[in-house]
Amino acid sequence: MLYIIQTTLTLGFVYSLVALALFISYRILDIADLTTDGCYVLGMAVSVTAAYYGHPIFGIFLAIIAGMAAGYCTAFLQTRMGVPSILAGIVTNTGLYTINLMVMGWSSNVALLKKETIFMLFKHLGIGGPWMDLAIVAVIVIGCMALLRYFLSTRLGLSIRATGDNKDMVAASSINPRFTITVGLVIANALTGLCGALVGQLQKSADINAGTGIVVIGLACLIIGETVMNGKKNMTRNILACLIGNIIYRFIYAIILQTRLIPIDFLKLVTALIVALAIASPSLKENFSLYARRRKESL
Amino acid sequence: MLKLEKCTKIFEKGTINEKVALNQVDLKVNKGDFITLLGSNGAGKSTLFNAIAGTFLVDEGKILLDNENITYVADYKRAKVIGRMFQDPLKGTAPHMTIEENLALAYLRAGQKTASFSRISKKDEEYFREKLSMLNMGLEDRMHTLVGTLSGGQRQALTLLMATIVTPKLLLLDEHTAALDPQAAEKITALTKRIVEENEITCLMITHHMKQALSIGNRTLFMSNGRIVMDLNEEERKQISVNELLERFKESSKEEFDNDRMMLSE
């Protein structure tokens, strides 16, 4: 039981990085960034490959840079080349599949048997014990959240928020939307890359298909968190919602795994349904209330 | 201060819908001028503002601001020194950001020395509070309220403050009170007058309100068919009555009017 809580919390923390990334792209910039799936695998592939060759810490940083590059690609396509934003993400994502295979030495998975990962560095020093994974992940994630919160109140952060919030005021506020969208997507994908990098070293493996559906799961967590936190009101709450939502999602996941309430093969379908319902809920509510009104009037 | 030399803008050039929105416009705005701009719909008033603000580049001609050629400078760069307000109160502020954050954005972006990662300080906050209390709307006690929950008049007042919190070289007001109820419009007009006069901002204001056009500022321009057809200075404004202005308005827009009639009779 304790082990389950440990793993759930660890995964909850680490995957909240993807939710944070989607918070930046989907909520703040109002762009559906589909680079996420491929970028997550890219981070994983880079970090695991680097660890394989004995550079686990360096691998994490490389993965962040790789994520940034992927984000820049998508941003470049949509801000400079006029590619519609969703398509830009899909194009980058498709290209990344080959890049990811290349990074992994043209094999579909890499395993880190008896290799060093960042999670083992402290174990040698004899501190932490079984909670070490969680502690490391929590420190990194909370650090990212604090940095992001700080950043969103800086001039650049405010400009990025205004870009997504009101397109009409952008130029009149001396904001260059090309630049703010680029910075936003680069930061978002840096976080996604970091998430992949940490998960790869946690699981001691990288798999070319590990990213399938990550973007939908991330969105589900974001929406769960916002609902629970009654979010969208202030930035600190919204950022914390990413973490809370993820922990809740992972607990549900663990319960399903343990109790076999739903066959585990159905999980992605269920997740997709949750996301579809959650995003559709405002218009569903509206349609329903209209329906109820008309019914009442006809009686 | 601001100089337009033979500026021309043609929309949908070469098509059947071709429209000469600005026709060889020459304009010299002196420092400290507060100009009201009149003209019927489609006369080119907003097009003139768009050309000055850089929303699009003019097809021909030259635009100089403080002797600096800004003809090819991008709109967001010009916005550092040119403040602008629109008719729609929703266009000037970010609804999901607080009053303080909106002001911070305006304050930080226009400051000359602020870096990308600069934030507002406690001192700046006090400054915002002081500026907000000047609006007399009680907004100074609601600094952490989301702007989306404010009324149109409050949002427009905030936009005015944002456009002038760092004194711009030039302020463009595009019928910024037209979408408000009469009381709010009066309040915003009074505020505009006060802020512009106190800071000696050079200002151009589009209005449809003839009386207002003659009473505010020191100079009145009249546009028709993409040209400035009348330029009244302070003395000339005193001598002209609203009726006379209306007459001339009709006269100069007769051509447009006839065009409209022609289209309708077809």
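Let's begin in chain B, where six strands form an open sheet of 6 strands in the order E6-E7-E8-E3-E9-E10, with mixed pairing. Strands here are DSSP runs (E, at least two residues), helices are H or I runs of at least four, and both are numbered from the N terminus; two strands pair if DSSP finds at least two bridges between them. E6 (82-85) and E10 (227-232) of chain B are the edge strands, each with a single partner, so one side of each has no neighbour in the sheet. From one strand to the next, the twist averages 20°.

This is a predicted model, in which local features need pLDDT of at least 70 and side-chain atom pairs count only at pLDDT 80 or more, while totals for chains, interfaces and linings use all residues. Residues are numbered from 1 along each chain as its sequence is written, chains are lettered from A and ligands numbered from 1 in the order in which they are written, and side-chain values use heavy atoms, without hydrogens and water.

Inside the sheet, E7 (residues 170-174) and E8 (residues 202-206) of chain B pair in the parallel sense over 5 bridges. Look for Leu173(B), which stands opposite Met205(B) in E8(B).

Now turn to chain A. Helix H3 (residues 56-79) and helix H4 (residues 85-103) of chain A pack at about 140°, with their axes 8 Å apart. Axes are lines fitted to C-alpha atoms, for helices over the stretch in contact, and angles run from 0 to 180 degrees between N-to-C directions. H3(A) is therefore oblique to H4(A) (under 35 degrees is roughly parallel, over 145 roughly antiparallel, 65 to 115 roughly perpendicular, and the rest oblique).
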